[in-house]
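Here are some notes for a reader opening this structure for the first time. Please keep the sequence and the 3D view at hand while going through the points.

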Amino acid sequence: MTIQSLPNLCIKEEWKILKYLVAVTDHLAAFAFMLGIIYSFSRRKFVILASLLGIIAGALVFAVRLYDPRGMNLILIAFNRRLVVSLACLAIISIISTSLTALFRQKILWLVNLVILSLLIFTAFIYLLPPILQFTREFIYFGEAGISTNSILRALGYSLGIILCLLIILGGYEVHKSLNTATQSYIFMLASIIIFALEYIAASIVALQKLKLLKISDSFMNISVFDVMIWHNSNPNAFLFAELGLAAAMLLFVILTHLRPSHSFPNKALLRKEKARLRDSRRWSMSLAVFGTLAIFVVTILHYYDTKPPVEIQPEPYDISDGIITIKLENISDGHLHKFSYVTPGGYDVRFLAVKKPAGTAYGVGLDACEICGIAGYFERGDEEVICKRCDVVMNKNTIGFKGGCNPIPFDYEIKEGKIFIDVKVLEAHEKRFK
């Protein structure tokens with residue numbers, strides 16, 4: 001199947017599923033694989049308890065953000081940046097403790113390593129969970145009923161993303177558990193934590209710069225803070241691919257070392273048991289391959305179709321007489337975004353938009369520009385979303401005509417007798433925006 005043929009398989013509302021499937025997978029898949037390995041390595045309730053406490057703490061942070069106490073916004077932003085730095089430090093300490101445990105194999109080192117890994121998981125959940133929970137607030141758009149086809153589709157995409165990440169945890173757990181020796185177990189876990197550490201070291205450099213603790217011109221080994229920021233922004237999935245590449249290496253290693261029994265058995269019953277164990281290990285390896293491939297497919301191909309802007313909307317004709325622009329409502333009543341253009345006497349091309357809102361019979365009218373991103377303009381995605389071309393901020397069509405944020409700048413107009421009437425002087429007052 002080619003990329004070009006994929007849209008032919010899509011139903012009209014598919015993008016609503018894609019948006020949250022992509023978002024959840026992108027946020028959690030890399031961490032999910034490392035989590036599965038750590039669960040397999042420890043096999044202790046202590047690590048599970050740390051995960052549960054991290055989930056509870058992450059939910060509490062989300063609750064604070066949800067109720068948005070007065071004066072807390074800047075505090076929460078700073079807290080989040082410090083959390084990123086803490087994750088990087090804990091990951092580095094985890095690498096050191098895991099290496100020492102692998103080298104000396106002493107129980108006290110193993111217990112210390114278990115505590116450090118538990119702290120790493122606890123902190124990671126606090127950082128990663130709030131944005132995942134935030135997605136649930138977007139299922140119902142402004143003006144929609146509480147339960148609708150659209151909200152169900154969004155929730156379905158979200159649920160599929162959670163399920164895929166849980167399957168990656170399970171696959172990583174089972175495949176790592178199948179490794180034959182403790183040395184192999186340490187090697188793959190250490191590699192996974194190193195990838196995680198590199199991701200958060202890069203993120204922590206960005207966070208420290210925003211906390212004013214690093215200057216953008218600071219450098220180490222000829223790599224500046226600015227270089228790291230550019231690379232981090234340009235390669236958002238690099239560490240996810242690295243984790244899934246490690247997963248592929250681990251599952252191939254398990255498959256190759258579990259093809260047949262490596263030694264003889266005193267009876268056929270024990271031989272059958274060993275063959276069943278090897279077969280189960282190979283099957284879990286293949287399952288992890290499927291889960292990893294799905295994750296890559298989601299964050300690449302599906303992400304591309306979820307965020308790809310459609311063909312540029314061309315300005316449509318309208319009637320103009322005595323300085324009054326007239327647009328028939330029947331021409332824009334299909335619920336899609338319609339763009340128009342008026343060239344002022346000063347030679348400025350003033351673009352404006354009109355759309356019938358999904359909720360009710362109201363219409364939204366505004367400039368193809370906003371106060372934040374200027375004249376970058378907008379494109380349409382799906383049935384409700386209008387996207388800013390410059391910052392990719394999503395606006396619900398029901399909010400077009402309202403002031404604020406990245407919404408199209410509203411202006412005065414009149415609707416009567418099945419038509420929209422716009423005085424060209426109103427548009428000419430905004431012409432300098434389009435210079």
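The points below start with the whole chain and then take up helices and sheets.

1. Overall content. The model is a predicted one. Its secondary structure comes to 10 helices and 12 strands. The C-alpha trace spans about 100 × 50 × 40 Å along its principal axes.

2. Burial and contacts. The protein has 435 residues, and 44% of them are buried. Among contacts between residues at least 6 apart in sequence, 69% join residues at least 24 apart.

3. Helices α2 and α4. Two packed helices are described by the angle between their axes and the distance between the axes. For helix α2 (residues 45-67) and helix α4 (residues 107-135), the angle is about 35° and the axes lie 7 Å apart. The crossing of α2 and α4 is right-handed. By class, the residues of this contact divide into 18 nonpolar, 5 polar and 1 charged.

4. Helices α5 and α9. Helix α5 (residues 149-177) packs against helix α9 (residues 268-307) at an angle of about 145°, and their axes are 9 Å apart. The crossing of α5 and α9 is left-handed. On the α5 side, the contact is made by Leu164, Leu167, Ile168, Leu170, Gly171, Gly172, Glu174 and Val175. On the α9 side, the residues are Trp284, Ser285, Leu288, Phe291, Leu294, Ala295 and Val298. The contact of α5 with α9 has 11 nonpolar, 3 polar and 1 charged residues.

5. Helix α7. Which residues of helix α7 (residues 225-234) are buried? They are Val225, Val228 and Met229. These residues are on the same side of α7, because they cover an arc of only 100° around the axis. As background, an α-helix has 3.6 residues a turn, so residues three or four places apart point the same way. The buried residues of α7 pack against α6 (182-210) and β2 (223-224).

6. The sheet of β5, β6 and β7. These 3 strands form an open sheet in the order β5-β6-β7, and the pairing is antiparallel. The edge strands are β5 (338-343) and β7 (363-367), each of which pairs on one side only. From one strand to the next, the twist averages 20°.

7. Pairing and cover of β7. Strand β6 (residues 349-356) and β7 run antiparallel and are joined by 5 bridges. Ala354 has Val365 in β7 as its bridge partner. Lys356 stands opposite Tyr363, also in β7. How many residues of β7 are buried? The count is 5 of its 5 residues, and the strand is described as mostly covered.

8. The sheet of β8, β9 and β10. A further open sheet of 3 strands has the order β8-β9-β10, with antiparallel pairing. Why is one side of β8 (378-381) and of β10 (394-396) left without a neighbour in the sheet? Both strands stand at the edges and have a single partner strand each, so one side of each has no neighbour there. The twist in this sheet averages 35° from one strand to the next.

9. Strand β9 and its partners. Strand β9 (residues 385-388) is joined to β8 by 4 bridges, and the two run antiparallel. With β10, strand β9 pairs in the antiparallel sense over 3 bridges. Glu385 in β9 has a residue opposite it in each of these strands: Arg381 in β8 and Asn396 in β10.

10. Side-chain directions in β9. Glu385 and Ile387 point one way from β9, whereas Val386 and Cys388 point the other way. Are these residues buried or exposed? Glu385, Val386, Ile387 and Cys388 are all buried.

Methods
Residues are numbered from 1 along each chain as its sequence is written. This is a predicted model: local features need pLDDT of at least 70, side-chain atom pairs count only at pLDDT 80 or more; totals for chains, interfaces and linings use all residues. Side-chain values use heavy atoms; hydrogens and water are left out. Buried means under 20% relative accessible area, exposed over 50%, partly exposed in between (1.4 Å probe, protein chains only). The arc is that of the directions from the helix axis to the C-beta atoms. Contact means heavy atoms within 4.5 Å. Axes are lines fitted to C-alpha atoms, for helices over the stretch in contact, and angles run from 0 to 180 degrees between N-to-C directions. A crossing is left-handed if the near helix is turned anticlockwise from the far one by less than a right angle, and right-handed if clockwise. Ala, Val, Leu, Ile, Met, Phe, Trp, Tyr, Cys and Pro count as nonpolar, Asp, Glu, Lys and Arg as charged, and the others, Gly among them, as polar. Two strands pair if DSSP finds at least two bridges between them.
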